[in-house]
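Subject: Structure for your review

Dear colleague,

Please find below the structure that I am handing over to you. My findings follow directly after it.

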Amino acid sequence: MNKWIKIIAILMVIGIFLAACTSEPEQIEVTRVVEVEVTRIVEVEASTAADSGEETNDSSEEDSDESAFEQPSFETVEVADGLYSFGNGEVFGAFMVTDEGVIVMDSVNAIFATQMRLAIMSVTDQPIRYLIYSHNHWDHIAGGQVFKDEGAIVLAHRDIHNWLMNHPAPNPDVVIPDETWDGERHDVVLGGKTVELYHFGPSHGEGMTVFRFPEENSIFIVDIVVPERVGFPYMPDFTPRGWIATLYAIEELEYENVMFAHNAAFGPRSAVTEQREFLEDLTNELFAMMERGENPFEVFGNPNAIELPKYQDWAGYDVWLGLNAQRILLEMIMGH
Ligand SMILES: [Zn+2]
């Protein structure tokens with residue numbers, strides 16, 4: 001065992017050094033064809049905040065440099081009656097329209113939230129009543145002031161609220177939740193429609209919330225299910241064993257459509273099972289390497305030391321698989 005610990009320590013240092021030297025991978029593209037019926041697609045032209053109607057200031061005419069940047073193309077997809085995915089192909093939020101107002105899930109950032117507000121206006125004149133956070137990470141929950149300014153209640157799991165309140169360097173663009181919910185389940189009912197909020201324990205970040213829409217036969221899952229993509233590089237803030245347990249719990253719920261936050265607006269429920277099987281297959285392969293007399297910790301020095309051909313067509317496979325293995329090995333030896 002002492003030999004293993006020495007090997008682990010040495011390879012960890014080598015792996016950390018190599019990871020620091022690794023350049024940013026190319027943007028991943030997913031060509032998956034989603035086979036779920038889309039009832040309606042509403043195209044929303046991308047525009048700057050200044051284009052939204054409000055006069056800003058004289059500098060707008062001088063902002064010709066903006067043309068040098070390609071504006072992301074935002075798209076709104078009605079996944080079920082009154083339930084929408086909204087995003088730019090890289091990140092997605094969601095909203096549900098009811099007769100008494102709109103429930104928004106994740107604001108992402110100020111530009112995203114402004115575009116999302118315009119998209120909502122294109123399908124309803126109902127006010128935003130709730131903004132609900134999926135988890136604590138800033139890349140999904142900044143920009144909420146856009147909705148709070150018009151009176152929306154910002155709601156989040158207590159673990160999210162606590163993390164935001166205790167962060168040593170808070171992000172000023174993240175609105176602190178007005179209300180919290182606690183435990184494993186909370187329902188938000190508005191205008192005769194229901195959003196069920198589930199928290200199944202540690203998986204990714206704090207207070208990870210899975211949204212279920214019972215009448216729409218759909219769920220919205222952020223970060224912990226990304227279709228046909230291996231884990232995000234070194235699986236930051238993921239706890240692999242809790243992640244697997246959470247996916248098993250999600251598989252127990254009833255739903256047909258899965259709305260994602262990355263790579264695709266939505267897809268079939270099999271995406272949840274495929275995500276869970278990938279994590280289990282990767283974990284099992286590490287044990288199999290040990291049984292074959294190979295040293296799985298080689299992935300710290302050479303991320304290509306592990307192969308999982310079943311997933312070779314998934315996005316990120318060539319660059320990220322070894323990094324995913326590192327995260328799982330670290331949880332094995334650190335417990336977290
Ligand atoms: Zn996250």
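Tyrosine 130 is buried, because 21 other C-beta atoms lie within 10 Å of its own and the threshold for burial is 20 or more. Please note that this description rests on a predicted model. Tyrosine 130 belongs to strand 6, which covers residues 128–132. Leaving aside residues up to four places away in sequence, tyrosine 130 touches Ile103, Val104, Ala152, Ile153, Leu155 and Val188. Lysine 148 is 18 residues from tyrosine 130 in sequence, and the two are 8.6 Å apart in space, C-alpha to C-alpha.

As to the chain as a whole, it has 336 residues, of which 41% are buried. Its secondary structure consists of eight helices and 14 strands. Of the contacts between residues at least 6 apart in sequence, 68% join residues at least 24 apart.

Six strands make up an open sheet with mixed pairing, in the order 9-10-11-12-13-14. Its edges are strand 9 (185–190) and strand 14 (266–268), each of which pairs on one side only. On average, and with direction ignored, neighbouring strands of this sheet are turned by 25 degrees against each other. In general, the strands of a sheet pair through backbone hydrogen bonds, in either a parallel or an antiparallel manner. Strand 9 pairs with strand 10 (residues 193–198) in the antiparallel sense, over six bridges. Across this pairing, aspartate 187 stands opposite glutamate 196 of strand 10.

The last topic is a pair of helices. Helix 6 (residues 240–251) packs with helix 7 (residues 270–291) at an angle of about 150 degrees, and their axes are 9 Å apart. Helix 6 is therefore roughly antiparallel to helix 7, since angles over 145 degrees count as such. The crossing of the two helices is left-handed. On the side of helix 6, the contact is made by Pro240, Trp243, Ile244, Leu247, Tyr248, Ile250 and Glu251. Helix 7 contributes Val272, Thr273, Gln275, Arg276, Leu279 and Glu280.

With kind regards

Methods. Residues are numbered from 1 along each chain as its sequence is written. This is a predicted model: local features need pLDDT of at least 70, side-chain atom pairs count only at pLDDT 80 or more; totals for chains, interfaces and linings use all residues. Axes are lines fitted to C-alpha atoms, for helices over the stretch in contact, and angles run from 0 to 180 degrees between N-to-C directions. Helices (H or I, at least four residues) and strands (E, at least two) are DSSP runs, numbered from the N terminus. Angles under 35 degrees count as roughly parallel, over 145 as roughly antiparallel, 65 to 115 as roughly perpendicular and the rest as oblique. A crossing is left-handed if the near helix is turned anticlockwise from the far one by less than a right angle, and right-handed if clockwise. Two residues are in contact if their C-beta atoms, placed from the backbone, lie within 7 Å. A residue is buried if 20 or more other C-beta atoms lie within 10 Å of its own, exposed if 12 or fewer, and partly exposed in between; C-beta atoms are placed from the backbone. Two strands pair if DSSP finds at least two bridges between them.
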